[in-house]
Amino acid sequence: MNSSSSVSASPSASSASSASSRSSHVLAPLGWDEEWEAAFSSYGAQGLLPGRVVRVDRGQCDVVTGDGTVRADTAFVTPHDPLRVVCTGDWVAVDPAGNTPRYARACLPRRTAFVRSTSSKRSEGQILAANVDHAVIAVSLAVELDLARIERFLALAWESGAQPVVVLTKADLVPDPATLAHLVHDVETSAPGVPVLTVSARDGAGVDVLTAVVAGGTSVLIGQSGAGKSTLANALLGEDVMDVRATRDVDGKGRHTTTTRNLLALPGGGVLIDTPGLRGVGLWDAGSGVGQVFSEIEEFAEDCRFHDCAHESEPGCAVLEAVETGALPERRLESYRKLLRENRRIVAKTDARLRAEIRKDWKRKGAMGKAAMEAKRGGGRPF
């Protein structure tokens with residue numbers, strides 16, 4: 001073998017190496033690292049380019065690559081499973097320049113995924129954002145706090161694998177420091193282990209703190225319409241990129257100024273995925289997320305007499321005792337029960353074994369209720 005041929009790279013290998021180096025440089029601010037590069041290596045050997053999806057729209061997606069932003073067809077990354085459909089934040093392998101049309105050929109395995117259930121009767125999961133480090137939950141102080149809704153958002157955030165952050169927006173509308181502190185305390189009680197920040201995009205108060213939190217990673221901005229997400233996104237970006245409209249005076253709700261999910265690079269480092277306002281926030285297999293939101297209840301439950309205690313009327317229930325003593329707000333327990341029931345119903349729709357267990361439990365409780373009524377009327381023996 002000629003010695004020069006043993007050390008010289010082939011034109012195709014040299015081209016692939018050059019493309020890889022260029023991609024690493026351009027994509028690093030978007031989160032590209034050695035682990036993503038290793039996961040992509042087999043696609044690189046096929047001549048494909050790595051890129052991050054910044055927008056998905058009508059069978060097409062915008063992908064930032066080492067060669068710039070390209071428009072790619074999503075036919076190969078839109079499987080029948082809705083949880084595997086390409087989404088903003090995904091890393092994909094796309095055709096190189098010269099292919100017409102260009103396709104996104106494959107998605108790299110996700111590290112995290114923010115999922116909710118759809119409002120359709122099919123009860124499918126919907127991916128809102130992929131590969132997210134922080135889930136920034138925007139909550140407006142212009143309307144009365146809905147702590148139960150915040151807990152619902154938090155359950156989805158914890159389940160996604162991201163670190164939740166609650167941002168109370170429009171803080172300038174609460175000028176009294178004592179009142180603002182009281183509102184923050186209420187949210188902190190409902191969000192154990194979660195940073196709670198107050199921000200006013202109008203005067204810039206608190207924006208620097210949030211900027212430091214989201215720098216260096218990928219953050220998804222979620223919340224109801226009218227929560228001030230687009231205004232907050234513009235404050236973080238340092239320019240008016242997102243359209244902003246006034247909320248309705250009658251109910252404080254917004255008008256869906258954001259209609260697609262967009263990934264935007266932040267000037268201070270990191271990237272932000274802005275999402276449309278969510279009016280429905282259904283859980284999707286978020287059992288562990290619910291447990292983290294209500295971690296104090298699960299700690300109390302460790303002292304219950306029965307390991308399978310439902311915290312309803314069982315003797316020796318440490319959770320009910322905590323409610324009686326005031327150590328646990330009854331509202332928290334009710335919210336916990338509601339989210340667990342909802343999550344169990346969602347999971348049961350895709351799990352035949354769990355459906356059978358639920359039906360069995362319903363029959364058992366129905367029989368117990370019937371027997372108790374008969375005993376009360378003197379027609380049977382009490383338990």
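The following paragraphs lead through a predicted model, taking its sheets, cores, cysteines and salt bridges in turn.

Because this is a predicted model, local features are reported at pLDDT of at least 70 and side-chain atom pairs only at pLDDT 80 or more, whereas totals for chains, interfaces and linings use all residues. Residues are numbered from 1 along each chain as its sequence is written, and side-chain values rest on heavy atoms, with hydrogens and water left out.

Strands here are DSSP runs of E with at least two residues, helices are runs of H or I with at least four, and both are numbered from the N terminus; two strands count as paired if DSSP finds at least two bridges between them.

Four bridges join β13 to strand β11 (residues 218-223), with which it runs parallel, and Leu221 has Asp274 in β13 as its bridge partner. Four bridges also join β13 to strand β12 (residues 262-265), here in antiparallel fashion, with Leu264 opposite Leu272 in β13. Strands β12 and β13 form a hairpin with five residues between them, and in the turn Gly269 has a positive phi of about 105 degrees. Buried means under 20% relative accessible area, exposed means over 50%, and partly exposed lies in between, as computed with a 1.4 Å probe on protein chains only.

The interior can also be described through its nonpolar cores, each a set of buried Ala, Val, Leu, Ile, Met, Phe, Trp, Tyr and Cys residues joined through side-chain atoms within 4.5 Å. In the largest nonpolar core, which has 64 residues, Leu145, Val166 and Leu168 touch the most other members, and helix α4 (residues 147-160) gives the most to this core, with eight residues. Leaving aside neighbours within four places in sequence, Leu145 is in contact with Val139, Ser140, Ile150, Leu168, Leu183 and Val187. A second, separate core of 18 residues includes Leu197, Val214, Ala233 and Leu272.

A search of the whole structure finds zero disulfides, a disulfide being a pair of cysteine sulfur atoms within 2.5 Å. Cys61 has the sulfur of Cys107 as its nearest cysteine sulfur, 8.2 Å away, and Cys61 is buried at 0% relative accessibility. The sulfur of Cys304 is 4.0 Å from that of Cys317, its closest cysteine sulfur, which is too far for a bond.

Salt bridges, in which a side-chain nitrogen of Lys or Arg lies within 4 Å of a carboxyl oxygen of Asp or Glu, number 13 in the whole structure. Asp33 forms one with Arg111, the closest N and O atoms being 2.9 Å apart. Asp33 lies in the loop between α2 (11-27) and α3 and Arg111 in the loop between β5 and β6 (113-117), so this pair ties together parts that are 78 residues apart in sequence. A further salt bridge joins Asp90 and Arg110 (2.8 Å, N to O); because Asp90 is in the loop between β3 and β4 and Arg110 in the loop between β5 and β6, the pair ties together parts 20 residues apart in sequence. Asp90 is buried, with a relative accessible area of 0%, whereas Arg110 is partly exposed at 25%. Glu334 and Arg337 form a salt bridge with closest N and O atoms 2.7 Å apart, and, being three residues apart in helix α11 (residues 330-348), they are separated by about one helical turn. Finally, Glu151, Glu296, Arg331 and Arg332 are linked in a network of salt bridges.

Key
Contact means heavy atoms within 4.5 Å.
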